[in-house]
Amino acid sequence: MRKYGAKDSAGIRSQLAQRLKAEGRLRLLSSAVEQSSEGMAVSDLDGNLLFINHAFASMHDYGPEELKGKNLDILHAQGQVAAVKEANDVLLKYGVFAGEVWHARRDGTPFPAFMHNSMLRADDGTPIGMIATMRDVSDQKEAEEKLKQYSERLEQMVEERTRELDRVRADLFSSAKLAAMGRMGAGIAHQLNSPLCGGMLMVDSLMEDARDDPERWRKLSTLRRSLEGMRDVVECMLSLAMVGRRGQPAFLDVNINSMIRRILGFVSLQIQQERIDLHTSFDEAVPFIKARSGELDQIFLNLINNAIDAVDEGGRFEIATIYKDGAIQVEVSDNGRGIAPENLGRIFEPFFTTSQGRKGLGLGLSIVREIVENYGGTIEVTSETGKGSRFLVKIPLNNKIL
Amino acid sequence: MQKLKVLIVDDEQSICEGVAMILTKAGYLVSKAFSGEEAIRLVSSERFDLVLMDLIMPGMDGADACAEIKKISPETRFIGISGSPAGQRVERFVSVCGVDVFLYKPFGKKELLAAVEKMLS
């Protein structure tokens, strides 16, 4: 019987130790794979699952044993056929695929998974299967989505603030511009007032002499009307300087209906001469409103004059008052020329005019807007070229001017 | 009946001319002055029932001229001529002359006659 020598037994011990060490390493590796938080799975070339670690299974709400032998397909979310095919094609071509594929949990809930797949090959290099590692990136996705929403909201806020700033800047600019022009206008107006007054007095006197000479009388009346036109411009310039200079003229209780009737009386001759079809509708429930003398008149005189100018002979022009929602609303509409779309945004700018020196300075609507806004009101305009325009003024009864 | 005498004071010549044309036709005796100083000189030698005084003129201020005229001729009445219904000059004219009748530039014949008739009635 052969006796083991000391040397032999040492060799066996060493082999055993090596074996134990190797087994230990395998066990260690195996439990490392099992316990990894990264999902891992091995499948054959057809996608049948051979090995699934705990993380992989639980990401899909399964136990590891339940999935063994099942096909990978059951783990893909609906509508992922194309994405999966593409991933497999990449894998076959390059031996590795990394990218996002939507998987589904047991109840069908889809979730985004970041996959890192590689080919499993035999010693001779033949592909025999696939190793997949995956991470559930729902949280990451959600965070990304939130970040995106947050940054969109931020962008939106920045945009809103920028718009607000632009508006404030434009307002400041336009009121500074208006104030400067107001001062200049007032200076010019005062200078013009005296010779204008002299002219009017002389024409009046000459007209008295020309009573029996119709031809001369007619010429002088034309001159008188031109002077009145100048007077209107001068008045306009003066009132522009007045606007915003608070607390000067006294406050009055104003009945808008009677005010408008008065203004219509003022222009009735023109309406008659041009055979304009005037329609009025007064809401008698319109209450008195506190206003400075000469301010609200400006609004309606301007709008009415504009409407008359806009319609051709025989045109139609409507004015209506309504008391609604605590505000007096006045609508002035006509079926005249209308305003070209490219001009619609500019009609409230000072000195903007399309009438080419025919009449006025282009200050009317800028003054109208200034007054309306001073009273905390709004003015809206809708217009269509060739069809007419409609202005809607709303002045709240409890306005901030008081 | 003796004609009432009116003095128009304005540095704008056309206003003086126009006022004179209209008031003369309406039966008044009209004189013209183109400054406050000239108006005082005229008032010193001649009595006027009514003075139409521009409030803003180069040289002597309208209200100051009225105050001087009032010293010379206390019964004379006044109408102020102004560009606007508000302001210090308007206030001063009212306190100097004790009247509150104004013609606002630019005015015409109707306004002129109405104001004059109001002051002289």
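A residue counts as partly exposed when its relative accessible area lies between the buried limit of under 20% and the exposed limit of over 50%, and A:R316, with a relative accessible area of 30%, is therefore partly exposed. The model is a predicted one, and it holds 28 salt bridges over all chains.

**Interface of chain B and chain A**

- The area buried between chain B and chain A is about 1500 Å², with carbon and sulfur atoms giving 65% of it, and within chain B the residues B:K25, B:P106 and B:K109 lose the most area to chain A, together 37% of what that side buries.
- In terms of contacts, 17 residues of chain B meet 20 residues of chain A.
- Two salt bridges are found across this interface, and B:K109 forms a salt bridge with A:E208 in which the closest N and O atoms are 3.3 Å apart.
- Helix 1 (13-25) and helix 5 (109-120) of chain B each supply at least two residues of the side that touches chain A, and helix 1 gives the most, with eight residues.

**Salt bridges within chain A**

- A:D277 forms a salt bridge with A:R316, the closest N and O atoms being 3.8 Å apart, and this pair links strand 7 (residues 277-281) to strand 9 (residues 316-324), the two residues being 39 residues apart.
- A:R390 and A:E331 meet through their side chains in a salt bridge of 3.0 Å, N to O; because A:R390 lies in strand 12 and A:E331 in strand 10, the pair ties together parts that are 59 residues apart in sequence.

Key:
Residues are numbered from 1 along each chain as its sequence is written. Chains are lettered from A and ligands numbered from 1 in the order in which they are written. This is a predicted model: local features need pLDDT of at least 70, side-chain atom pairs count only at pLDDT 80 or more; totals for chains, interfaces and linings use all residues. Side-chain values use heavy atoms; hydrogens and water are left out. Contact means heavy atoms within 4.5 Å. Buried area is the accessible area (1.4 Å probe) that two parts lose on being put together, summed over both. A salt bridge is a side-chain nitrogen of Lys or Arg within 4 Å of a carboxyl oxygen of Asp or Glu. Helices (H or I, at least four residues) and strands (E, at least two) are DSSP runs, numbered from the N terminus. Buried means under 20% relative accessible area, exposed over 50%, partly exposed in between (1.4 Å probe, protein chains only).
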